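Hi there,

Here is the structure I promised to pass along. Have a look at it first, and then read on for what turned up.

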Amino acid sequence: MIKSSLRDRFALARNVACALLLLAAAPAKAADEKIDPEADRRALQAFFFAKFPNVAKDDFGNGPYAVNAEMRKQWKEIMEFPPYELALDEGHAEWEKPFANGKHYADCFDNKGEGVRQTYPRFIAETGQVETLEGAINRCRVENGEKPLDPMTGVMASLAAVMSESSRGKPFAIAIPDDPRALAAYERGKEFFYSRKGQLGVSCASCHMSPAGERMRGDILAPALGILAAMPIYRSDWGSMGTSIRRISTCSSQTRAVPLKPDDEDYRNVEYFLSYMSNGIPIVGPGTRP
Amino acid sequence: MIRAIFFAAGLAILSLPALAATQAEAEAAIAAAQAAESAAVAAKAAWTTTETALTQARKALADGKWDEAIAAANEALAQAKLSVEQANEQKASWRNAVFR
């Protein structure tokens, strides 16, 4: 263990050295670079449309199934009895059940929570921070005198599944209001996505940009475009449902980084960034994954 | 020649206590590693491998294996420091990785 980690450390040191060399070679691409989410989104989408010319725009949310024919075949079989059906049943029952004060989840959301999932995460002016769908569900509970739910799985995933289902086919429509704090949150999300982390020294982008569609151990790497559109997912490997944050946390661990708290600002910001990148890609959740 | 051998043997014996680690040293090494790891966690830079090494160090300490405890704690300390360096380095260089 210690021996192999030493080897990894040398690899890391090498990576860091390379990064430093690159840094020296590319004279400071102005740190005061303008924050332009729309330009970023167009560039990222153009990259993936060119990389996967045969994948329909509306299909990107299906991740590995969109970019790999063999997986797609297995998926068709799984979808005869979608494994998230139980979660949907649980979610609908929970959604209808009044809180102790008589209010409902529906009272907390625009349009009673119908078909609004594609607008999350949102920037909230009062807090100056990004709120995820799960964050909004928990705020609804707390404001109505209920205890918050585990944001990773269980009833929370079931509720998120219900909201996703009612947004199926609606393209991501993430707003970045004209507020410097919203732009800053977006930019920090982007920074998180591109920053190398963990003892492996890799970033989200290291796996979900150029190598998308390639096989990593047993998995086909999902493209960053549409990467949250299928959430929450039933993942066979977990044997249960998981929300966006459960998936992102799992990826953190895979890089041998200690995962942050599920509601950490960095995680919320990276969801904001990724969802904004996917503006125009339809929601397909809840989903299923191997 | 014989004198030289005795001399060397004497030296070896004299230096023995200095080589064998004590419990106190193992505890100090673990405390130092834990402090560095706490700083890494606070900087959101922590690695799981650092924590694995720390757990190994604590287990060795509990088993009375001071040398092993110190080796693992030092490994954890080195990794905790590297993880913070990584985070600082990335703050300066992440933009170079941005796809454009």
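In chain B, 69% of the contacts with a separation of 6 or more are between residues 24 or more positions apart. Please keep in mind that this is a predicted model. Chain B has 4 helices and 0 strands, in the order α-α-α-α along the sequence. Of its 100 residues, 33% count as buried. The accessible surface of chain B is about 5700 Å², and carbon and sulfur atoms account for 67% of that.

Helix α2 (residues 23-42) and helix α3 (residues 48-62) of chain B have axes that come within 10 Å and cross at roughly 160°. Angles over 145 degrees count as roughly antiparallel, and α2(B) and α3(B) are therefore roughly antiparallel to each other. The crossing of α2(B) past α3(B) is left-handed. On the α2(B) side the contact includes B:I30, B:A33 and B:V41, and on the α3(B) side it includes B:L54, B:A57 and B:L61. By class, this contact has 7 nonpolar, 3 polar and 4 charged residues.

The axes of helix α5 (residues 85-96) and helix α7 (residues 154-165) of chain A come within 8 Å and cross at roughly 90°, so α5(A) and α7(A) are roughly perpendicular to each other. Among the residues that meet there are A:L88, A:H92 and A:W95 from α5(A), and A:V155, A:L159 and A:M163 from α7(A). The residues of this contact divide into 8 nonpolar, 4 polar and 3 charged.

Best wishes

How values were computed:
Residues numbered from 1 in each chain as written. Chains lettered and ligands numbered in written order. Predicted model: local features only at pLDDT ≥ 70, side-chain atom pairs only at ≥ 80, totals over all residues. Heavy atoms only, no water. Axes fitted to C-alpha atoms, helices over the stretch in contact; angles between N-to-C directions. Helix = DSSP H or I, 4+ residues; strand = E, 2+ residues; numbered from the N terminus. Parallel < 35°, antiparallel > 145°, perpendicular 65-115°, else oblique. Contact = heavy atoms within 4.5 Å. Nonpolar A, V, L, I, M, F, W, Y, C, P; charged D, E, K, R; others polar. Buried < 20%, exposed > 50% of the residue type's maximum accessible area, 1.4 Å probe, protein only. Areas by Shrake-Rupley, 256 points an atom, 1.4 Å probe, with all protein chains shown as cover. Left-handed = near helix turned anticlockwise from the far one by under 90°.
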